[in-house]
Protein chains: 2
Amino acid sequence: MDLDRRRFAALVLAVAASGSTSRRALADGDPLPSWSDGTAKRQILDFVKATTESGGPKFVPPEERIACFDQDGTLWVEQPIYTQLVYCFDRVPVVVKARPALANEEPFQTVMSGDRARIARLSMNDLVKIAAVTLTGMDVDAFREDVAKWIAEARDPRWKRPYTDLIYLPQLELMRLLRANGYKTYIVTGGGQDFVRAYAERVYEVPPEQVVGTAGGVKYEYDAAGRPVLIKEPRLLLNDDKAGKPEGIHLVIGRRPRFAFGNSSGDREMCQYTTAGEGARMAMLLLHDDGDREYAYGPARGLPDSRVGTFPEALDDEAQRKGWSVVSMKTDWNRVFAWGN
Amino acid sequence: MDLDRRRFAALVLAVAASGSTSRRALADGDPLPSWSDGTAKRQILDFVKATTESGGPKFVPPEERIACFDQDGTLWVEQPIYTQLVYCFDRVPVVVKARPALANEEPFQTVMSGDRARIARLSMNDLVKIAAVTLTGMDVDAFREDVAKWIAEARDPRWKRPYTDLIYLPQLELMRLLRANGYKTYIVTGGGQDFVRAYAERVYEVPPEQVVGTAGGVKYEYDAAGRPVLIKEPRLLLNDDKAGKPEGIHLVIGRRPRFAFGNSSGDREMCQYTTAGEGARMAMLLLHDDGDREYAYGPARGLPDSRVGTFPEALDDEAQRKGWSVVSMKTDWNRVFAWGN
């Protein structure tokens, strides 16, 4: 019963927030119903109010309202492995069919074996090889269509749901609140720029031009019919992780963000760069401390260490020192997914 | 008297169009007063009407309304040399003061000599060297401030006016008309992305995140005070000219544009890429055929050949064949600059 009421409230919010969400409409109710009352929620509401209050000391002109969100582990689940890697593994048989010689080469032989234990032991170098052959060689339109098709059909192993169901509802509410207050919301991801663009508009309401990610070069060519195509090349232009995040922000956006949200040491430099500018600034980090509803793998604050361990103690220390807000999934979110608890 | 009336009308338009230009406000009058009645103007108005007519056969969803403009020779004067090169030459003495050994090295010695004839004979390789030392090595904020200061003070040799006065009024009207109809207007320039971003918001109402240009890498570092900075490096990421234009559009925008406006063979691939997609598409090319009010240097259509000659016969042929609109500065524009005729 309580769940039904909550579901109904979320539905109302989703309908109200889609399309022409006005500042007024959101002001009428709680714009962050999945956020529990507490420090993090209050900091967000204070930041939004202060930076949009015309004539106030912390006012930020609309054109400077840039908010950047990491994706994996910040907007959706990144465990047990990044979703894009699952796509790459699923695509290996397609590539091998087109290039049969690869079936006898590593690491493709391992992937084709379907042996999960062996696949789990693949090195970073192996993963780069797999990414190179599965993410390049096709034209950008074909790639986008293939990713869109895959992500509509693939299911995650734990919840048996589409990966896009593993997007955190509190973050959708936060992005909508920011947009309703004139912020441009960007995704700044270590994942592939073209991969995330294939579904970001549909699931995050973030258009392709507001997705910054790891990007390879493309080559302008003509197909057999003489039509221009852009072919994805195995040539890295931007590794959008760690120091690469502010570098990518400069390349694509050209302004220092006012707000950044991450969850790992890959987001450290983005948070530093965001908060080092003048005027009102805010950085937030999501701590994964909820093994029941999601995963608990932040080694900070005495939690057990883990294989991924993307939130080291040093990042927690820096957050405390610089006033970045650390968001506890367990206590700051009363709900994690739109379909669950 | 007639001129005064025209100036007053332009002022009214500028005031009406700045800030909250509504579709209705523009619909009340002629949104393109500097465009003479003729094919080009009619094609623009037809395109805007057709692509925004809800339920019509050529309707384009708002999120897909992307319009790309080349800068040099399309939005402002590119003769006798690109404005950014003037900036580089002006910056050589500053660089030489910091690195005196350069004074005895070519091509810096030639630039320092002030000998216009020798400077005019510098090779492309020399220009690349000059660009490398004058456009890199500093942090991106310092560079932006320096360009903004320079462009406010520098004067062009022919009209003795700021370079930003050499922006074509008809193009400002066109960009405003497109924006008022839901188009995002982008600048897609062979010039430096960081250079154009330094003034694009002020003079074109195009924010930094909507400027795609030739881009070098930046490196994330900490300054002496421990603050993060992005240092401009002499490492080319994107040569945003010719085939590089659609490649840059994909990198920064990630969508195929609906509208493209260029003026030279550097814009050919951008026009091809734009018009090869499905649905309503439009490409336009500006022909420089007005030596009195600006310059005449298009060799197409029997005009005399010239040193720059950026509009070759082959481009004119392709435009005719593909239905791209060729805009004559002489006959399609009743006015070129906001301050003149």
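Because the model is predicted, local features need pLDDT of at least 70 and side-chain atom pairs count only at pLDDT 80 or more, whereas totals for chains, interfaces and linings use all residues. Residues are numbered from 1 along each chain as its sequence is written, chains are lettered from A in the order in which they are written, and side-chain values use heavy atoms, with hydrogens and water left out.

Where the two chains meet, 39 residues of chain B are in contact with 39 residues of chain A, contact being heavy atoms within 4.5 Å. The area buried between them is about 3,400 Å², of which carbon and sulfur atoms give 50%; this is the accessible area (1.4 Å probe) that two parts lose on being put together, summed over both. Eight salt bridges are counted between chain B and chain A, each a side-chain nitrogen of Lys or Arg within 4 Å of a carboxyl oxygen of Asp or Glu. In one salt bridge, A:Glu201 and B:Arg255 bring their closest N and O atoms to 2.8 Å apart. By class, the side of chain B that touches chain A has 19 nonpolar, five polar and 15 charged residues, where Ala, Val, Leu, Ile, Met, Phe, Trp, Tyr, Cys and Pro count as nonpolar, Asp, Glu, Lys and Arg as charged, and the others, Gly among them, as polar.

Within chain A, strand β1 (residues 66-69) is covered on both faces, with A:Ile66 and A:Cys68 buried on one side and A:Ala67 and A:Phe69 buried on the other. Strands here are DSSP runs of E of at least two residues, and helices are runs of H or I of at least four, numbered from the N terminus; buried means under 20% relative accessible area, exposed over 50%, and partly exposed in between (1.4 Å probe, protein chains only). Two strands pair if DSSP finds at least two bridges between them. Four bridges join β1(A) in parallel to strand β2 (residues 184-192) of chain A, with A:Cys68 opposite A:Tyr186, while three bridges pair β1(A), again in the parallel sense, with strand β5 (residues 259-262) of chain A, where A:Ala67 stands opposite A:Phe259.

Two single residues complete the picture. A:Asn104, in the loop between α4 (83-98) and α5 (108-113) of chain A, is exposed, with a relative accessible area of 62%. B:Arg335, in the segment after α14 (329-332) of chain B, is buried, with a relative accessible area of 2%, and B:Arg335 lies 5.2 Å from B:Ser34, C-alpha to C-alpha, although 301 residues separate them in sequence.
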